Amino acid sequence: MAHCLRITGPTRLEGEVRASGSKNAALPMMAAVLLAEGPVVLAGAPQLADVDRMAQVLRELGVEVLWDEDDTLQMRVIDRRPVHARYKLVRRMRASFCVLGPLVARRGEAVVSLPGGCAIGQRPVDLHLAGLRALGARIALRHGYVVARADRLHGTTIDLAGPYGPTVTGTANVLSAAVLAEGQTTIEHAAVEPEIVELGNLLIAMGAKIEGLGTPTIRVDGVEQLAGATCRVIPDRIEAATLLLAGAITGGQVRVGGIVPDHLTAILDLLRQTGCRVDAGADAVTVRAEGRPRAVDVTAEPYPSVPTDVQAQWMALLSTAEGTSAVRDTVFPSRMAHVAELVRLGARIDQHDGGAVIRGIARLSGAVVTARDLRASAALVLAGLAAEGATTVRAARHLDRGYQRLDLKLAGLGARIERS
Ligand code: EPZ
């Protein structure tokens, strides 16, 4: 697929659009199939590069993965002998690391590549490993791989508190291992993100005994084995937020349907503070911009606050605000690769350690920019929609990792955007 997006602005987006299934829910839910004695079916799964990469990792781990219809993943284990997740695959999609917990719990062995870093930060996995060790896994690091073994995991109390708050995929890995451990496990300082609740709901549908999902303390009573199950993936709250911010930055009116507004509360409140009119229904939100946004300060924090995965998109919006805004990211303080590219589009952003100050301007100016990571690419697309003239977003493949044809969704709202 072409790797550049050409955008002509400014455009005013108007109309309705539906969000796809959540990438960050689907990925750990896919890994959970490794625990199941029967087939696992995920309805509403997003068609994304990252989902395809997780499917590739699972196929190499003896799982049959098929797409049924256009949004349903049919998965079942056909061979339990493989235990390797290769560096080539894991480095390209970090969330593959989520196969570690299920593999150790169900197969008693796992050889999973350390993911390595990425554009948004160092991305350590120390909390994942500490949690699995506490459950009784013997873990060694060899030649860039985590080598984990356990005859039978045993329940315990695990504290997942980290220097930057809870770990989402760390909670997924530990939870997915604890469900087959002998006895009770208590996970303290667990992530409360909706994607973890969704993973837990799938595990419960498979026969797991879990309480406290969505709270910082999750209690698990281990069971002997887990059956297959069918689950629907929750809508992607990050994509929904991105689409709403697209409406706001273009001075338009956009209705995003097929979503869970309760997953977006902090973002909707902040949008209202910028002066946008925001109406939330049962499964849809409509944003209507009233002129240029007012400047607001944004601090990205763990759920239920404004998520780090929307921080870059907020910076794009605030680049056009009336007034000066301060943006901080407490989860990934160095997640700032989009700043230099937004500056190329005319934004006035001064970066300092752990944050940035943005002095809004009336109109950005189109330019050639380069995406460095998934959410930075979304921010550059949003800025391009509002900028005067032509914007080319290079390395747009990042966008396809986490958004199901965002270009088509935006074009459906009136954006002049095409691949090249
Ligand atoms: C998940 O990544 C998401 N990915 C990320 O979304 C998201 O930005 C992040 O959670 C925070 O919400 C998936 O769910 C697949 P963390 P994850 O472990 O689990 C530190 C996107 O754009 N930490 O919650 O890897 C870590 O460095 C992606 O969709 C440790 O110190 O993030 C960070 O500062 C990007 N030790 C903080 O915790 C550990 O062992 C939160 O990281 C693990 C993490």
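1. Glu 69 is placed in the loop that runs between β4 (63-68) and β5 (72-77). The model under review is a predicted one. In this model Glu 69 has a positive phi, about 60°, although the residue is not a glycine.

2. One runs from Gly 9 to Pro 10, with omega near 0°. Pro 10 belongs to the loop between β1 (5-9) and β2 (14-18). Another cis peptide bond joins Tyr 303 to Pro 304, and here omega is about 10°. Pro 304 sits in the loop between β18 (298-300) and α10 (311-318).

3. How many residues surround the ligand, and which are the closest? The ligand is surrounded by 23 residues, of which Leu 127, Thr 167, Thr 169, Asp 309 and Val 331 are the closest. Sorted by class, this shell consists of 12 nonpolar, six charged and five polar residues.

4. The position of the ligand follows from the origin of its shell. Domain 1 (5-20 + 235-419) and domain 2 (23-232) both contribute residues to the shell, and therefore the ligand lies between them. Helices that each supply at least two shell residues are α1 (23-31), α5 (126-134), α6 (168-178) and α12 (374-386). The most is given by α5, with three residues.

5. In the side chain of Arg 123, an N or O atom is 3.0 Å from an oxygen atom of the ligand. The side chain of Asp 126 places an N or O atom 2.8 Å from a nitrogen atom of the ligand. At Val 331 the backbone takes part: one of its N or O atoms lies 2.6 Å from a ligand oxygen atom. The ligand taken alone would expose 830 Å², and 90% of that is buried by the protein.

6. The second largest pocket is a further region to inspect. What volume does the second largest pocket hold? The space in it comes to about 290 Å³. It is lined by 15 residues, and those closest to its centre are Ala 19, Ser 20, Gly 21, Gly 44 and Asp 71.

7. The lining of the second largest pocket is made up of six polar, five nonpolar and four charged residues. Domain 1 (5-20 + 235-419) and domain 2 (23-232) each provide at least three residues of this lining. As for the ligand, the shell around it likewise takes residues from both domains.

Terms used: Residues numbered from 1 in each chain as written. Predicted model: local features only at pLDDT ≥ 70, side-chain atom pairs only at ≥ 80, totals over all residues. Heavy atoms only, no water. Near = heavy atom within 4 Å. Polar contact = N/O pair within 3.5 Å; in protein donor to acceptor, adjacent residues only side chain to side chain. Areas by Shrake-Rupley, 256 points an atom, 1.4 Å probe, with all protein chains shown as cover. Helix = DSSP H or I, 4+ residues; strand = E, 2+ residues; numbered from the N terminus. Nonpolar A, V, L, I, M, F, W, Y, C, P; charged D, E, K, R; others polar. Domains from an automatic or database assignment. 1 Å grid on protein atoms, 1.4 Å probe; cavity = no way out; pocket = protein on both sides within 12 Å on 5 of 7 lines; lining within 4 Å. Points joined across faces, edges and corners; volume = space filled by probe spheres on them.
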